[in-house]
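Please open the model in a viewer and follow the stops below in order.

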Amino acid sequence: MRTAELIQKKRDGGRLSREELEFLVSGYVRGEIPDYQMAAWAMAVFFQGMDAEETADLTLIMANSGDTLDLSAIKGFKADKHSTGGVADTTTLVLAPLVASTGVRVAKMSGRGLGHTGGTVDKLESIPGFKTSLSAREFIDQVNQIGISVVGQSGELAPADKLLYALRDVTATVESIPLIASSIMSKKIAAGSDGFVLDVKVGRGAFLKKEEDALALAKSLVQIGKLVRKPTVALVTDMNQPLGRSIGNALEVKEAIQTLQGRGPRNLTELCLQLGTEMLVLAGAAADAAEARSRLEHSLRSGLAFDKFKEWVAAQGGDPRVAEDISLLPQASFQQDILAPRRGFVQEIDPLTLALTAMHLGAGRATKDAAIDLAVGIEVQVGVGDLVSAGDVLARIHANDPKQLAAAVVEAAPAFVIGEAEPPRRPLVYGKITARDV
Ligand code: URA
């Protein structure tokens, strides 16, 4: 096989066989195929696309390019959830114990935040003592014992994707639906769960801005799941405003605790119930969506989900008293409110502006190894559509440095647009893609 011929075949609209893709990807990982040839192939894919089987083949080849997690020692169906990245999106911290409290096992590997979106592992590390690094044995034993474990990525999962993603990032080839879909699914498959519920975010605070692109990605993800026999469902959900009300690690843990106590923001709670419903149905733990939802609602109302959260925190070495006393979480030294300049309806709350402000405060990292400040962030106090009066609090900034606090107030204020007319309501979920739709 010659690499140039494979690039040419793709350039001219052909499809590569599994063997040809294997040759390309493994050659690239071994360093035998240079960046410039892989970049040329990625650009050819960008323009010509890949069909469903070709995308699934690439996914499995990347999934098997490094370490894979064998979760077969965990009894029962293991359901995983993945979000393409949102703002004030503390879903995993609520959803994982909520689903586990119904008896469905959650064995999840999560990431750290990078850029403007937060990461579950950073949030969990704001709980004093919480260990996000467990051995494979500890991880599996914990899921068998209490039905839940969430850890940071260990080993080298899908190294082919890591290399290819870094190359795409600098060759203008990120925005290709088959390349994005295979990248996401390769990591999920390597992490070993039996089925996936995917939350594809769309809007100003998301990586995809257009609904049609998000739907196309959702279809491609579900199609891969179908071809590799891992049941997969995708919801396309709104990211034109922050999902919850808190942005920043400890602040999001606090919000997750309140949500598990039934006192969380409406959209965050609703999305957790909808994603949880899909997980229970995938796992065969409920006959239909109505039964799944009512079991989840019961878990929230009765405190079962909250109890599971405390059990989970304790099992991973964290201080479970944070659930009853959120003052045990890291607290920032300075707070300042952003006030409404006039009376009117909140038209927009730009999630990207708020996420970037939180990042500049130190809540997120601009580069992979940067340190973060777990206490800082933003608590939004209003939602789109709320009527506010001049002087009402729109958001509270938490900072550990007075200069950064002042700069954050200036940076975040334009995120809030106040106007005369009541704005139309945006849906929370734009669509759902199941295996029947692809
Ligand atoms: N997220 C991923 O994991 N991969 C992509 O290609 C894009 C977003």
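**Salt bridges**

Across the whole structure, a search finds 32 salt bridges; the model is a predicted one. Side chains of opposite charge can pair when their charged atoms come close.

Select Arg 204 and Glu 348, which form a salt bridge with their closest N and O atoms 3.6 Å apart. Arg 204 belongs to the loop between strand E4 (195–202) and helix H10 (211–227), while Glu 348 belongs to strand E8 (residues 344–349), so this pair ties together parts that are 144 residues apart in sequence. With a relative accessible area of 34%, Arg 204 is partly exposed.

Arg 426 counts as partly exposed, at 34% relative accessibility.

Which residues do salt bridges with shared partners join into one network? Select Arg 112, Asp 122, Glu 125 and Arg 365, which are joined in this way.

Next, select Asp 319 and Arg 321, whose side chains meet in a salt bridge with an N to O distance of 2.8 Å. The cut-off explains the first assignment: a residue is called buried because its relative accessible area is under 20%.

**Aromatic pairs**

The structure holds three aromatic pairs. Select Phe 130 and Trp 312 to view one of them. The ring centres of Phe 130 and Trp 312 are 5.9 Å apart and the ring planes stand at 90°, so the pair is edge-to-face. Phe 130 lies in the loop between helix H6 (120–124) and helix H7 (136–146), and Trp 312 lies in helix H14 (residues 304–315); the pair therefore ties together parts that are 182 residues apart in sequence. Both Phe 130 and Trp 312 are buried.

Phe 309 and Trp 312 are three residues apart in helix H14, a separation of about one helical turn. Phe 309 counts as buried at 0% relative accessibility, and Trp 312 counts as buried at 0%. With the three residues displayed together, one sees the cluster into which ring pairs link Phe 130, Phe 309 and Trp 312.

**Backbone with positive phi**

Select Ala 172, in the loop between helix H8 (159–169) and helix H9 (177–190). Phi of Ala 172 is near 55°, a positive value in a residue other than glycine. Ala 172 counts as exposed, at 51% relative accessibility.

Move on to Arg 229, found in the loop between H10 and strand E5 (232–238). Arg 229 is not a glycine, yet its phi is positive, at about 60°. At 74% relative accessibility, Arg 229 counts as exposed.

Select Ile 326, whose place is in the loop between H14 and strand E7 (334–339). Ile 326 is partly exposed, with a relative accessible area of 28%.

For the last stop, select Gln 241, Arg 266, Asn 267, Val 384 and Arg 425, which lie nearest the centre of the second largest pocket. How many residues line this pocket? Its lining comprises 23 residues, and its volume is about 450 Å³. By class, the lining has 11 nonpolar, five polar and seven charged residues. Colouring by domain shows where the lining comes from: at least three residues are drawn from each of domain 2 (78–324 + 430–437) and domain 3 (330–419).

Key. Residues are numbered from 1 along each chain as its sequence is written. This is a predicted model: local features need pLDDT of at least 70, side-chain atom pairs count only at pLDDT 80 or more; totals for chains, interfaces and linings use all residues. Side-chain values use heavy atoms; hydrogens and water are left out. On a 1 Å grid over the protein atoms alone, a cavity is a set of points where a 1.4 Å probe fits but cannot get out, and a pocket is an open set with protein on both sides within 12 Å along at least five of seven lines; lining residues have an atom within 4 Å of a point. Grid points are joined across faces, edges and corners, and a volume is the space filled by probe spheres set on the points. Ala, Val, Leu, Ile, Met, Phe, Trp, Tyr, Cys and Pro count as nonpolar, Asp, Glu, Lys and Arg as charged, and the others, Gly among them, as polar. Domain bounds come from an automatic or database domain assignment. A salt bridge is a side-chain nitrogen of Lys or Arg within 4 Å of a carboxyl oxygen of Asp or Glu. Helices (H or I, at least four residues) and strands (E, at least two) are DSSP runs, numbered from the N terminus. Buried means under 20% relative accessible area, exposed over 50%, partly exposed in between (1.4 Å probe, protein chains only). Rings of Phe, Tyr and Trp (its six-membered ring) pair if their centres lie within 6.5 Å; planes under 30 degrees apart count as stacked, over 60 as edge-to-face and the rest as tilted.
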